[in-house]
Amino acid sequence: MTFADPQPAQLTRGMSFPVSPSLTAANPGLDAFVALCGEATWAARLADIGNRAQVNSLTGRAAQQRHALELALARLSGGRALTRASSAERLVSTFAEEAVRLADSLPDGPRARMRDQIIAGLTGEATLIPIFHLLRTATLLRESGFSVRFTGLAEGTPHDLVVERDGASAEVICETVSAEEGRSVHRGDWYALVDRLNPELQSWLADHPGRYLLKMTLPKGISGSEQLDELRARISSMLSAGKRQDASSEAVLKLDPLVLTGPQQGLAGLSTRLRAQFGPEAHLAITSDAPSGSVFVLAARAGRENEIAGAVARRLGLVSEERLSGRKPGIAAVFLEDVDRTEWRGLREQLELEGAVRRFLTTPPARRVVAVTCASRFEMFGAAPPDAAAEPVLRFRNPSHPAARIQALAPAILSSV
């Protein structure tokens, strides 16, 4: 049995998303969304996700979490009545129906452009999160009294939206940033490494009953299948040779006995105690052999701290000048993806995200940006604080922007962000 911590972000605790490509008339709005995607494309996508998500591995469970949005839509369009849906599922349904309404309002060319974006979200490792982030951003601005034009789809503008209220207008760009961009050791690579090692660790534990802790320091991080294979081979060689240490410029490995004190609370309890010992940025995995009670813990850290907030700021620096014209106040709406519950809470409570965004707002690329908003899946799917922020988005204003210095220029924009 293998247990990894932290787990990928979930829509809500305790939800499951069985794959069902069958369509019924129970939810015509969702069936219309499936028709917008293309029924063959949708069925193929669900089959692909289902194959990956049902694999008994960490990467399989991660795939289920990453594609939870699509799986929720499959569950609802497969006949589950909205009256029995969770609040998160009802939000998913609302966004899907909004996508259909938007597509129906567009001429043929822009409609095809929108459908291309949806199809891109149903391909490979991509998700529907970016298009749903666009729809959610537009909904929030509309609820604040703005009229919203989808100029990115309708006119092919670099910015996604133009919003207007009380004579004030602004350009809006919607960006999705993966937390993986700020990690030296990508979580997906970590899961792949653990999956590759697990059969060998199970066999090794059978021959060496006991409790072990393998600590790994990865000064340069790891990335890609070649480095994963090299690290797996080093660990396998170390264990087979009976060595306790192995060091190089790429990785420092040390095998120690796992000393457990206090009451035993299963793998989840062990994970909590290890997390407290190694800190929030460590990558942890536990392999156990139930009959013998043997446990093998993998604990890895990169040579430097994660820079998730920094990744957001770097993306803002890249896109602000590329996607905003500077002729109107600009709003950058950022969606931080692939972040787990603990990370998202820490980024907010320790002001890491706020600090990184505010530093960005002092740089030359920010001269076109009047405000930045940030959100994650926890806000999109209505999780309660402290998992989610108290407001629908985090808001950061640029005090050096003319619209901020002269509030009469755009009071409506500033009052809503």
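**Pockets and cavities**

A: The second largest pocket has a lining of 21 residues, and those nearest its centre are A62, R66, E125, G188 and D338. On a 1 Å grid over the protein atoms alone, a pocket is an open set of points with protein on both sides within 12 Å along at least five of seven lines, a cavity is a set where a 1.4 Å probe fits but cannot get out, and lining residues have an atom within 4 Å of a point. The model is predicted, so to speak of local features requires pLDDT of at least 70 and side-chain atom pairs count only at pLDDT 80 or more, while totals for chains, interfaces and linings use all residues. Residues are numbered from 1 along each chain as its sequence is written, and side-chain values use heavy atoms, with hydrogens and water left out.

Q: How much space lies in the second largest pocket, and which elements give two or more residues to its lining?

A: The second largest pocket holds about 510 Å³ of space; a volume is the space filled by probe spheres set on grid points, which are joined across faces, edges and corners. Two or more lining residues come from each of α3 (58-66) and α9 (187-207). With six residues, α3 gives the most to this lining. Helices (H or I, at least four residues) and strands (E, at least two) are DSSP runs, numbered from the N terminus.

Q: How many cavities of 30 Å³ or more does the structure hold, and which residues line the largest?

A: There are two cavities of 30 Å³ or more in the structure. The largest cavity has a volume of about 60 Å³. Its lining consists of V185, E281, H283, R301, A302, R304, E305 and N306.

**Burial and contacts**

Q: What share of the residues of the protein count as buried?

A: Buried means under 20% relative accessible area, exposed over 50%, and partly exposed in between (1.4 Å probe, protein chains only). Of the 417 residues of this protein, 53% count as buried. The protein has 17 helices and twelve strands.

Q: Why is helix α4 described as largely enclosed by the rest of the structure?

A: Helix α4 (residues 68-77) is largely enclosed by the rest of the structure because nine of its ten residues are buried. The buried residues of α4 are A68, L69, E70, L71, A72, L73, A74, L76 and S77.

Q: Which residues does L30 touch, not counting residues up to four places away in sequence?

A: Contact means heavy atoms within 4.5 Å. L30 has its place in helix α1 and is buried, with a relative accessible area of 2%. Beyond residues up to four places away in sequence, L30 touches L73, L76, S77, S93 and A96. The C-alpha atoms of L30 and L76 are 7.4 Å apart, although the two residues are separated by 46 residues along the chain.

Q: Are H159 and E98 buried or exposed, and what are they in contact with?

A: H159 lies in the loop between α8 (151-155) and β3 (161-165). Its relative accessible area is 9%, so H159 is buried. With neighbours within four places in sequence left aside, H159 is in contact with T151, G152, E171, V172, I173 and R323. E98 lies in helix α5 (residues 87-105) and is buried, with a relative accessible area of 15%. Leaving aside its own neighbours within four places in sequence, E98 is in contact with L135 and R142.

**Aromatic pairs**

Q: How many aromatic pairs does a search of the whole structure find?

A: A pair of aromatic rings is described by the distance of the centres and the angle of the planes. Rings of Phe, Tyr and Trp (its six-membered ring) pair if their centres lie within 6.5 Å; planes under 30 degrees apart count as stacked, over 60 as edge-to-face and the rest as tilted. A search of the whole structure finds six such pairs. One of them is the edge-to-face pair of F33 and F132, with 6.0 Å centre to centre and 85° between the planes. This pair links distant parts of the chain, 99 residues apart: F33 is in helix α1 (residues 28-37) and F132 in helix α7 (residues 129-143). F33 counts as buried at 1% relative accessibility, and F132 is buried with a relative accessible area of 0%.

Q: What kind of aromatic pair do Y212 and F296 form?

A: Y212 and F296 form a tilted pair, 6.0 Å centre to centre with 35° between the planes. Because Y212 lies in strand β5 (residues 211-218) and F296 in strand β9 (residues 294-302), the pair ties together parts that are 84 residues apart in sequence. Y212 counts as buried at 12% relative accessibility, and F296 is buried with a relative accessible area of 0%.

Q: Which residues do ring pairs link into a cluster?

A: Ring pairs link F33, W42, F95 and F132 into a cluster.
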